[in-house]
Amino acid sequence: MKRLDRLSLGGLACLLVLVVFALGSLAGAGGDPDAIVGPRLRPPGPGWWLGTDNLGRSMLPRVMEGVGTTLLLSSIAVLVTAAVSATFGIIAGYRGGYLNELVMRLVEVLYSFPAIVLAILVAAVLGPGQVAALASIVLATIPLMTRLVRAAAVAVSQRDYVTSAVISGARLPRVLGRHVLPNVAGTIAVQGTYALSVGIAVEGGLSFLGFGVQPPQASLGVLIQRGGTYMIAAPWLILGPGVVLVVAILAINVVGDGLRDQLEPRETRSLT
Amino acid sequence: MRLLMWWSGRALSSAATLLGVSVLIFAAVRLMPGGFAETVLGPFATAEQKAELATRYGLDQPVFMQYGHWLGTVAGGDFGISMISRQPVGAELLARLPVTAELSLLAVAVSVLAGVPLGVLTAVRARPGGGGAAGRLLSGLGVSVPEFVLGSLVVFVFSRYALGLEVGAWVPLTQDPARNLATMVLPAAVLSVFAVSVTARTTRDAVMGVLVEPYVTAAVGRGESPWFIVRHHILRNAAAPVVTLLGTITAYLLGGALIVEHVFNLPGVGSYIVQAVGRRDYAVVQAGVLLAAGVFIVMNVVIDLLVGVLDPRLGVTAGRRS
Amino acid sequence: MRPIRLACGVAAALLATACAATGTTTQPSTGPQAEVEPGYLAVADDALPSGGTLNLQVHIDSGAATGYDPQLADVATTWQLLSLAYETLVTVGPDFSVQPLLAEKWETPSPTEYVFHLREDVSFSNGRKMTADDVVGSFERLLASKSVWRGQLGAVKSVTKDGDHTVKVTLKEPYTPFLAALANVPAAVLPMKEINDKSVDPATTLLGTGPYVVKDHRQDVSWTFKRNEKYWAKGKPAADTLNITIAPEEAARVAALQNGSAALATLGNVDSAGMLAGAGDVKVVTQATTDFYYLMLNTKAPASKFADPKVRQAIAIALDQRQIADIALGGKGEPSAVTPAGLPGACDPAALPSASKGIDDAKRLLAEAGAQNLTFTLSIYSTQPAPAVAQVIQQNLQQAGITVKIEQMDEAGWSGKVYGKAPAEFDAALSWFAGYADPGMVTKWWNPEEAGFNVGFMTPDKELNALIDAAGKEPAGAAREKALAAVCAKADADAQMIPLVTRPATVAFRTDALSPSLYSTEGYGNVLRLVADARVKKSQ
């Protein structure tokens with residue numbers, strides 16, 4: 001496999017740093033994110049290297065926890081989406097017929113809702129919190145990925161090696177698992193990275209509207225939402241989480257682009 | 001004949017989708033915990049008051065009956081009565097629709113006017129194998145800054161430093177078009193950032209795809225000027241995916257508008273839905289979400305039609321892509 | 001976000017600005033708010049001409065299935081809007097004293113008799129003169145209604161008129177808060193002739209004697225009020241038009257203040273002064289209120305964790321009201337007992353039994369109750385600063401080894417969980433009460449049989465109820481303060497609803513556009529109480 005280009009490698013490195021940052025939080029580095037450690041709204045200084053928030057909590061462990069929450073939630077959600085989309089997309093694409101119609105109709109229904117509207121409805125039904133955020137991201141990312149996986153599966157199932165596998169008497173699970181899945185994996189990987197950035201944005205939007213994770217847990221969306229009201233009095237509250245959120249989405253997108261160029265190389269020419 | 005068949009199938013499947021959407025909305029609204037009675041009447045309400053309210057809005061009926069009744073009235077153009085304002089939901093939606101429509105149309109206009117030239121330019125200038133790191137980073141940044149971050153920032157900076165465009169002083173278009181536009185520019189700009197990036201990206205991909213076609217090679221061979229080639233060969237042939245994208249963007253903008261309306265305090269459909277969800281104002285949530293989904297579905301049928309006209313080769317088999 | 005708490009209201013970008021803004025960082029001020037005159041945060045300048053348009057922004061609209069009927073209004077944000085069009089017999093002064101309004105004077109020939117002499121020059125905004133029949137009819141309608149305010153009026157025996165301008169109210173027993181209870185919007189004088197002949201439905205039309213009349217209302221978007229040309233007070237209201245914009249998002253209200261599209265706005269964030277620091281023409285003031293947050297411990301749920309009073313007392317001891325006030329409310333609130341801090345005659349929260357005990361006492365009580373590893377869920381709504389209060393509570397109780405899991409919900413979900421079922425299923429919940437204008441009033445909600453709304457989670461205590469009633473009968477003075485102190489101590493020991501801290505109201509206005517009048521303290525959550533006095537400085 002060809003190596004990713006430099007920009008994508010840079011993005012990958014950024015993501016790796018963020019993951020390490022988040023893992024540090026689990027290991028207790030930076031301190032207790034919920035403890036009241038000092039006076040309210042203090043600028044960065046010894047004892048609170050990223051300042052303190054409106055409850056006198058140190059921002060460093062909170063940002064670390066926030067990165068972890070957001071990345072973990074989005075990653076799990078995308079894995080669920082990938083599993084669901086792969087299953088239904090491949091079956092629908094390979095079998096066609098009524099099954100295909102049914103899956104596509106369901107996907108179409110979900111696709112008709114703007115992601116944030118779907119997220120708000122889910123959060124209202126399940127009650128705000130991690131489960132609602134997870135379900136929102138999954139429901140928001142399933143339609144697109146299922147459609148693309150299905151399209152890829154349709155193309156793959158007409159290939160010779162699939163036909164010969166069927167003729168030689170391979171059972172359906174084996175055909176799908178051994179021959180179709182590996183050939184749509186690229187599509188899943190590329191779409192997965194995009195879904196990840198959508199997930200982070202959805203989590204942020206939900207928190208912004210007050211449907212995010214439960215306090216005192218920090219997520220990037222929650223931190224930005226709270227920090228926004230302190231832009232003048234305590235800019236450090238929004239600076240850290242804001243930069244991290246944009247960097248995270250940007251890095252994921254760049255990696256996704258690189259992956260796509262890798263898997264679907266395009267020819268081009270110059271006019272000038 | 002095949003075309004006619006295809007179109008009737010398309011219409012039928014759109015109707016089925018809309019029906020599915022209506023079931024999902026209705027189920028979601030009824031599954032929300034938290035009583036409309038406690039919310040609408042307040043905690044001091046007596047059991048009789050709550051029962052009376054339930055009867056008045058037909059909420060004491062079995063859920064299937066309620067759904068059937070709702071579907072029937074909606075089909076007749078009646079979206080019910082808001083439990084909070086006690087006014088018809090349809091009239092309020094109609095009053096709020098222009099705000100969201102104006103916001104979205106402005107954003108679409110910006111993304112076409114800025115995104116398409118940007119996409120063409122970057123595609124035409126690209127060297128084979130060249131990364132175009134700066135362009136990729138820039139367009140990546142465009143899709144990476146969520147509206148609520150950008151919106152809060154813009155609201156703050158523009159009001160804080162009195163940069164001219166007003167925030168939080170919305171006036172109806174019919175009352176004072178100039179001032180209305182002044183208050184809509186910022187929200188539309190915030191809303192369009194993501195759309196511009198996506199449009200530029202899709203345009204770039206489409207144009208790059210066309211550039212390797214034999215007729216472009218032939219045109220280059222004939223010594224036609226680059227911009228002549230762009231105008232006469234490329235734009236027309238690269239239009240289909242870009243137009244298709246507009247359908248997806250519509251759905252995206254309807255969702256984005258919800259956040260932007262909230263941030264800029266614009267009385268559009270999005271803020272109506274958000275407030276109604278928080279109060280379990282069933283009729284409003286149902287009508288608002290159904291409208292958003294309906295617009296999206298209709299928009300996509302129109303897009304398919306347009307793509308058919310633009311590029312007869314793709315015709316009816318054109319699938320949508322993101 | 002719509003608060004559906006008890007009689008209440010008030011709620012609740014970046015890289016480049018953050019950098020640009022660091023230079024102007026100011027520490028949000030704490031401590032008492034500067035008064036310009038005793039009892040006033042601001043006094044309108046009479047020398048300024050009247051007239052003009054006043055643009056206001058508030059965070060939330062009124063809105064209920066009961067419509068605009070003042071007698072059924074039970075949230076302070078609704079009282080605030082209705083008070084522009086409706087008036088009461090008496091009103092509240094800057095020091096919580098009862099002042100004349102539609103009644104120019106009154107006598108109390110005995111502790112159970114009140115004789116009101118009505119102003120003769122008062123008309124409803126349709127031009128019809130207000131008479132004693134309107135007053136009597138309004139009383140009767142209120143007493144026959146399902147209004148929660150009936151409970152605050154005490155035991156009214158009869159209401160009769162004596163001529164066209166005198167009304168006599170007889171109570172079954174003495175009730176000291178009676179006049180204070182009359183000073184709130186649900187006790188407003190309604191146009192009874194029009195209501196009785198069905199030409200006006202108060203649920204859909206505002207027709208009162210107040211300084212303004214409604215010209216337009218779009219739910220959740222805006223109100224437009226015009227001056228009532230028939231208003232009885234000469235020279236009032238000063239401003240011709242009030243435009244009230246509903247802006248749920250705090251940042252949008254802050255922006256509107258900064259760019260001048262709003263002359264006055266209510267703010268939800270206790271630190272908003274810091275947000276507006278450096279915006280030269282904007283003044284931010286904090287109005288103290290008698291409203292206070294309280295913690296509900298559900299004793300009625302099956303297998304309730306709080307059935308043992310020792311567990312509840314341990315929680316009351318472990319709570320650090322001072323820290324909640326200083327951290328969650330940025331020093332703008334005050335610890336309160338069941339009689340709201342700040343009201344004349346209220347008891348001292350520092351003198352409560354739970355205040356004199358420490359964390360070890362709390363741990364001992366928990367051990368005695370066999371609840372060493374107590375874990376419970378605290379249900380809150382998302383409107384700030386409730387989540388901040390909850391997080392400080394969580395930290396407080398952790399000291400005593402109690403684990404609190406916070407469950408943040410939207411308003412509707414929260415109301416459904418707390419008030420939707422009897423017995424209620426939640427563990428603990430957080431909310432706030434409006435504190436009203438007499439220390440005996442809000443104590444009535446500690447009797448669930450009287451209050452009704454908390455019957456699903458609170459077990460009545462006969463002794464406490466008797467003490468509350470006794471304090472209501474006692475005339476103002478030292479004996480009443482003693483009776484109220486007994487209520488406070490008993491409620492503290494009962495600890496099913498634990499009072500926490502008062503809830504400050506933050507208001508900001510543009511000094512170049514407006515000269516408003518604002519009380520330093522408020523009992524009915526009405527920031528717009530004196531808006532008829534406000535002078536507009538320039539046409540906006």
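Mentor: Axes are lines fitted to C-alpha atoms, and angles run from 0 to 180 degrees between N-to-C directions. Please keep in mind that this model is predicted.

Trainee: Why are α7(A) and α9(A) called roughly antiparallel to each other?

Mentor: The axes of helix α7 (residues 172-208) of chain A and helix α9 (residues 236-263) of chain A cross at roughly 165°. Angles over 145 degrees count as roughly antiparallel, and α7(A) and α9(A) are therefore given that description. Their axes come within 9 Å, and the crossing is left-handed.

Trainee: Which residues of α7(A) meet α9(A)?

Mentor: Among them are Gly186(A), Ala189(A), Tyr194(A) and Gly204(A) in α7(A), and the residues they and others of that helix meet in α9(A) include Leu245(A), Asn253(A), Arg260(A) and Leu263(A).

Trainee: What does UniProt list for residues 67-256 of chain A?

Mentor: An unreviewed UniProt entry lists "domain: ABC transmembrane type-1" for that range. In the model, residues 67-256 of chain A are 84% helix and 0% strand, with the end C-alpha atoms 20 Å apart.

Trainee: How many residues of chain C are in contact with chain A?

Mentor: The contact involves 37 residues of chain C and 24 residues of chain A. Two residues count as in contact if their C-beta atoms, placed from the backbone, lie within 7 Å.

Trainee: Which element makes the largest share of the side of chain C that touches chain A?

Mentor: The largest share, seven residues, comes from α12(C). Elements of chain C that each supply at least two residues include α1 (15-21), α12 (386-398) and β16 (403-409). The residues on that side of chain C divide into 18 nonpolar, 15 polar and four charged.

Terms used: Residues are numbered from 1 along each chain as its sequence is written. Chains are lettered from A and ligands numbered from 1 in the order in which they are written. This is a predicted model: local features need pLDDT of at least 70, side-chain atom pairs count only at pLDDT 80 or more; totals for chains, interfaces and linings use all residues. Helices (H or I, at least four residues) and strands (E, at least two) are DSSP runs, numbered from the N terminus. Ala, Val, Leu, Ile, Met, Phe, Trp, Tyr, Cys and Pro count as nonpolar, Asp, Glu, Lys and Arg as charged, and the others, Gly among them, as polar. UniProt positions are given in the numbering used here, feature names are shortened, and annotations may be inferred rather than shown by experiment. Angles under 35 degrees count as roughly parallel, over 145 as roughly antiparallel, 65 to 115 as roughly perpendicular and the rest as oblique. A crossing is left-handed if the near helix is turned anticlockwise from the far one by less than a right angle, and right-handed if clockwise.
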